[in-house]
Amino acid sequence: MPSHSLGRTEFGNPENKGKTISPDEANQLLNDWVKNDRLRLHMHQVAHLMKSWAKEKEQLNGADQWRWELAGLLHDADWDQWPDQHCKLIIEELEKRNVDPEVIHAIASHGPSYFGVEPVSKMDKMLYAFDELSGFLHAYSLMRPNDYEGMEVKGVLKRMKDKSFAANVSREDIRDAASRSGLSMEELIQFAIAHQSRFTG
Ligand SMILES: [Fe+2]
């Protein structure tokens, strides 16, 4: 894995706390930057998990739910066209657009072993936790006869042990992220199955 170390741990301007871009602007950016359908779907799936978590578990208001959703929606925005500069470019873009530093920090810390930025806030930790897990569930759903229908935690855990399955998904990152989130792997998987299965994007 190439190092994508960002070389800094401060992101955005504290004066922009609470500021976001609109859903239309975020979707425009996503569609301009990401041409790969599979990646776009992944970003929407992670966004949906983030929003659902913010609403149900953190009981945040609509504006805060959107901040969580936005972090999920744009976390891989530069991966498609500029993988060598992931996630430096999207961070700089969101700084230019005066987005809340917490949202930018969450994006900057969604892969601590690559970007060199530790997840600190709950938003940071949940984005890291959902990212690879969401991709793994999607891969698993594709090989099942009825995709998410009847998917169980134990089936997911069994697949995780099979190293040849979805080999590009880092089991170590999934485990590390789960432990940093303070939630059990079972709880995370259960939540992700329940919400990702209902997402039709
Ligand atoms: Fe991702």
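Helices (H or I, at least four residues) and strands (E, at least two) are DSSP runs, numbered from the N terminus. The model is predicted: local features need pLDDT of at least 70, side-chain atom pairs count only at pLDDT 80 or more, and totals for chains, interfaces and linings use all residues. Residue numbers start from 1 along each chain as its sequence is written.

**Exercise 1.** Determine how helix α2 (residues 37-56) and helix α7 (residues 122-142) pack.

Solution. 
- Step 1. Axes are lines fitted to C-alpha atoms, for helices over the stretch in contact, and angles run from 0 to 180 degrees between N-to-C directions. For α2 and α7 the angle is about 130°, and the axes are 9 Å apart.
- Step 2. Angles under 35 degrees count as roughly parallel, over 145 as roughly antiparallel, 65 to 115 as roughly perpendicular and the rest as oblique. The pair α2 and α7 is therefore oblique.
- Step 3. Two residues are in contact if their C-beta atoms, placed from the backbone, lie within 7 Å. On the α2 side the residues are H42, Q45, V46, L49, M50 and W53; on the α7 side they are M126, L127, F130, D131, S134, G135 and H138.

**Exercise 2.** Locate D147 and A166, two non-glycine residues with positive phi, and state whether each is buried or partly exposed.

Solution. 
- Step 1. Most residues other than glycine have a negative phi, and most peptide bonds are trans.
- Step 2. D147 has a phi of about 35° and sits in the loop between α7 and α8 (153-161). With 15 C-beta neighbours inside 10 Å, D147 is partly exposed.
- Step 3. A166 has a phi near 45° and belongs to the loop between α8 and α9 (171-181). With 20 other C-beta atoms within 10 Å, A166 is buried.

**Exercise 3.** Describe the peptide bond from H86 to C87.

Solution. 
- Step 1. Omega is near -5°, and the bond is cis.
- Step 2. C87 lies in the loop between α3 (62-74) and α4 (88-96).

Terms used:
Buried ≥ 20, exposed ≤ 12 C-beta atoms within 10 Å, placed from the backbone.
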